[in-house]
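Here are my notes for someone opening this model for the first time. Please keep the structure in view while reading.

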Amino acid sequence: MEPRTLHLLEFPKILKELSGFAVSEPGATACLELRPFAETLSVRLQLTLLDQALRWVRESGFRLVAFPDFGGFFPVLDIPQRNLDLDALFALSATLEQGRIARDLLEPYAERGWDELTAAVSGAPWPAATWSALKRCLDQNGHLKDESSPGLFSVRQEIRAIHQKCTKRVKDFVLSENIAQYLQDDFVTVSSDRYVLPLKVNFKNRFPGIIHDYSQTGETCYFEPMFLVEINNALQELKREERVEERKVLEYLTGLVRQEREGIEASYRGLVQLDLLMAKARLAEATGSRPLDVGPGLPARLIQARHPLLALQGGATQPLDIKLREGQQALIVSGGNAGGKTVCLKTMGLVALMAFSGLPVPVAEGSSLPLWTEIFVVLGDEQSIEEHVSTFTAQIQYLARVWERVDGQTLFLLDEFGAGTDPTQGAALAQAVIDGLLERGASIFAATHFPALKAYALATDKVRAASVLFDPKTKKPLYRLAYDQVGASIALDVAREHGLPRGILSRAEQYLLLDGSDTSAVLDRLNALAVRRERENDALDEERKALRKKRDGLEARFEKERVKVLAEVRELAQSVLRDWKTERLGRKQALKKLSEARERLEPAVEAEAAAEAPVLDFAEISPGRRVVYRAWNKSGQVVDKDERRGQVKVDFDGVAMWVAFGELTLDGRAPREQKKVVQGTAADLGFAPRLDLRGRRSDEALAELAGFLDASLLRGASTVEIIHGRGTGALRKEIHAYLRTTPSVASFALANEDRGGDGMTEVTLK
């Protein structure tokens, strides 16, 4: 992409605004270096990455915190004898910490399919050894911890012991000599890396010792008594040992960094790119932007587009629909001055540059663009006094220079092309240029005042005309486009609005009438009709939104009522089961009430099911056939049928029940292998009357046993088997104690030895 294009469309301003959203210097630099991609796959990758990042930020609340620029320290690693200092290691620790936080926050979303975002955040090999060592050796202020090495821990312990010893000696000395009044302060201080006393200058010759320095006021001297000389000498030796131990730690940490340099560099680059990505996300939040759909064959269509720089200012801006129909390559915009023609062209060009760079753009859903690898711009006054070039000449020179590079992946923006010469010749030249661009397959967006070019737009295939709209009464611009029509230039109205003398305007109107080319009345009429049509469209859009909102409300209300009914039926069913368990209801009464509860749900789905259900003949029903029970919207397999009563027995995954034939529809799935039916046993229901409680705690086992016995009774089982294992016999005793107090149990006994012996209990139900 030419730098001239980026400059004319003000793309660097967007990058400067983007860099302000970055939290680090390298991230800001990456923002400023951003350029449009030339391949569809690269553009789509960046836009997909942006879409996933926006979702992640909204759901997780992730925000990147400022991290230092570590890139300048990598050259140090190339020098074998050089070690990273504490500042460099602390910068690396802060950088890796941000990378670790990002990885940890993204990990819960592993199942979301955000492969591109995962690769960007967690794709680099993690320098685990370096990260662990830095966390162990550096404190929150970037200093080496005592625990960094045994040697450092030992020598610092000795230094602290000397400090305590020195403090005690000084205190004893001050008390014994009664010299507190001679001291400027009543504490020991350090000067020239030695412990000294802050002594008033007037008393410096009272005691033997060494004066190391004076304060800035000259009233205090830093005095080392002779009894501290030996202690300070020992301290200096320990300080030397401390520096040696610290150097060893730095060598060790630098060695780890060198070993894991590849992963560290990759993690650092990934964090810089994450900063860039988060800056894009913040730009999207600030401007209400979104990733644009870009790809070959997609139409040039921007819905509710706003100029990105105007969107960044935060004020109210009138959005534009800039769109071409299928098969069209050019849009020619006409209409009055200051109506927004140039803004329309700049919006298209800048949105395209941003989208191709992987940036969010302020457009509505449904917008798309083909990928243009080149964007050429003829925009504004391009004359150059220094080069003795007029506007028209500059336009022609530029066009001649880039003409051979124009192809089917080119966007050409033409603002008043040919306006700097004779209008008739300029219009003819503009038409010829657009013809040539169309032949090369380029996309063109042009603004013009030429009447001939307006007519050309209405009459030429692959070209669409549009006009900027003005208020019919006030002649104020509305900053909207009306398609498939042309607009008047209203130069006289603009001149009147900006205070041109009335006499000059009157003469201009007379000359216009004498020329016979005044078509303003017709075009004003077209403008008024277009404004009315746009307002009607706006009203229809508002009505459509209101209807959609009402529909959403009705659907939400229906869902709420449906959930309420289901909750009531579920509560009723649970109440019936409680009454049955406490023997307030018999088995048949409980089943009858459950059937009544089921019937309450049937009317809610009858209308919908009737509209979709195919006609079903009773003769088609046969054992093994798959059917759907509409009341439950559940599929099952036919077990038996009763022609006299018009009912069908259906097995719903182990639960068999009789249902009315009219409530069934055919299921398109293949029938399952039918199990052999044995009348009068629990196998008739497809129910396995056996419960394995081995390994359960007693409270868990008894809770599961209670539910199992209830389900067995509802399915008509007469005997069940409970496997509890031998073990210590504790679980068996708990189960037997529970069975003795259960009303639904008629009797129970241990199984025969060949069927499990005292590891299984056989239960007979009432």
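Which residue in S21 is the bridge partner of Arg-690? Point 2 has the reply.

1. Basis. This is a predicted model, in which local features need pLDDT of at least 70, side-chain atom pairs count only at pLDDT 80 or more, and totals for chains, interfaces and linings use all residues. Residues are numbered from 1 along each chain as its sequence is written, and side-chain values use heavy atoms, with hydrogens and water left out.

2. The sheet. The partner of Arg-690 is Glu-721, in S21. S20 and S21 (residues 719–723) run parallel and share three bridges. Strands here are DSSP runs of E, at least two residues, and helices are runs of H or I, at least four residues, both numbered from the N terminus. Two strands pair if DSSP finds at least two bridges between them. The open sheet holds four strands, ordered S20-S21-S23-S22, with mixed pairing. Its edges are S20 (690–692) and S22 (745–750), each pairing on one side only. From one strand to the next, the twist averages 20 degrees.

3. Helix H20. This helix covers residues 698–714, 17 residues in total. Its first and last C-alpha atoms lie 25 Å apart, close to the 24 Å expected at 1.5 Å a residue. That expected span is 1.5 Å times one less than the number of residues. Its buried residues include Ala-701, Leu-705, Phe-708 and Leu-709. Buried means under 20% relative accessible area, exposed over 50%, and partly exposed in between (1.4 Å probe, protein chains only). Just after H20, Gly-716 has a positive phi of about 85 degrees.

4. Glu-416 has phi near 55 degrees. It sits in the loop between S11 (410–415) and H14. Its relative accessibility is 21%, so Glu-416 counts as partly exposed. Asp-484 has phi near 65 degrees. Its loop joins S14 (477–483) and H16 (491–497). Asp-484 is partly exposed, at 37%.

5. Cavities. There are three cavities of 30 Å³ or more. A cavity is a set of points on a 1 Å grid over the protein atoms alone where a 1.4 Å probe fits but cannot get out; lining residues have an atom within 4 Å of a point. Glu-416 is one of its lining residues, as are Phe-417 and Ile-434. H14 (423–439) and S12 (443–447) each supply at least two lining residues. The lining divides into seven nonpolar, one polar and one charged.

Notes:
On a 1 Å grid over the protein atoms alone, a cavity is a set of points where a 1.4 Å probe fits but cannot get out, and a pocket is an open set with protein on both sides within 12 Å along at least five of seven lines; lining residues have an atom within 4 Å of a point. Grid points are joined across faces, edges and corners, and a volume is the space filled by probe spheres set on the points. Ala, Val, Leu, Ile, Met, Phe, Trp, Tyr, Cys and Pro count as nonpolar, Asp, Glu, Lys and Arg as charged, and the others, Gly among them, as polar. Axes are lines fitted to C-alpha atoms, for helices over the stretch in contact, and angles run from 0 to 180 degrees between N-to-C directions.
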